[in-house]
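Morning, everyone. Let me put the model up, and then we'll walk through its surface and its charged pairs.

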Amino acid sequence: MHRGAGLVFRVVRKMAAPGAESQVLVQYLVLRKDLSQAPLSWPAGAVVAQACHAATAALHLHRDHPHTAAYLQELGRMRKVVLEAPDETTLKLLAETLQQKNIDHMLWLEQPENIATCIALRPYPKEEVSQYLKKFRLFK
């Protein structure tokens, strides 16, 4: 089964674009920076957990997409980029933009408070989604 999935992915990639075999897939996450700052002051572990929840949910929701299958096939080569959004409003605006542009993603809502904390995209080639994320810097 593992070999068959790889074969399917290579065929899909070859159909996608010439030279796509060397395409690097990246899972982007945009995490709220203000969660770790006063007045919220969430512990680092709680903030990291939000990104983990969002990433796991995005991979699960889009598990049948060829990019996700290929990304998960090589666990040692997974690439994630974690970016920061200053606040919930900015994160929700990004979610709206991604939805309008048909970019597969998951907006993680922490329960029971229903607070938007992180967006995770399914794995994408960088050039397909970077234009929507260029205003966000690396999470620090």
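Start with the nonpolar patch on the surface: L72, L75 and M78, with about 260 Å² of accessible area together. Patch members need over 30% relative accessible area and no salt bridge; like charges are joined within 9 Å, nonpolar side chains (Val, Leu, Ile, Met, Phe, Trp, Tyr) within 5 Å. Areas come from Shrake-Rupley with a 1.4 Å probe, and for residues only the protein chains shown count as cover.

Ground rules, quickly. This is a predicted model, so local features need pLDDT of at least 70 and side-chain atom pairs pLDDT 80 or more, while totals for chains, interfaces and linings use all residues. Residues are numbered from 1 along each chain as its sequence is written, and side-chain values use heavy atoms, with hydrogens and water left out.

Back to M78. It lies in the loop between α3 (66-73) and β2 (80-85). Helices (H or I, at least four residues) and strands (E, at least two) are DSSP runs, numbered from the N terminus. M78 counts as partly exposed because its relative accessibility is 34%. The scale: buried is under 20%, exposed over 50%, partly exposed in between, with a 1.4 Å probe and protein chains only.

Now the salt bridges. A side-chain nitrogen of Lys or Arg must be within 4 Å of a carboxyl oxygen of Asp or Glu. How many does that rule give? The count is six.

One of them pairs R77 with E74, at 3.3 Å between the closest N and O atoms. R77 is exposed at 61%. E74 is partly exposed at 40%.

Next, E84, in strand β2. Buried or exposed? Buried, because its relative accessibility is 8%. Its salt-bridge partner is R137, with the closest N and O atoms 2.7 Å apart. R137 sits in strand β6 (residues 137-138), so this pair ties together parts 53 residues apart in sequence. R137 itself is exposed, at 52%. The side chain of E84 also has a polar atom 3.1 Å from the backbone nitrogen of K140.

Last pair: E88 and R32, a salt bridge at 4.0 Å, N to O. E88 is in helix α4 (residues 88-100) and R32 in strand β1 (residues 25-32), 56 residues apart. R32 is buried at 4%. E88 is partly exposed at 23%. Both belong to a salt-bridge network of R32, D34, E88 and K92.

How values were computed:
Polar contact = N/O pair within 3.5 Å; in protein donor to acceptor, adjacent residues only side chain to side chain.
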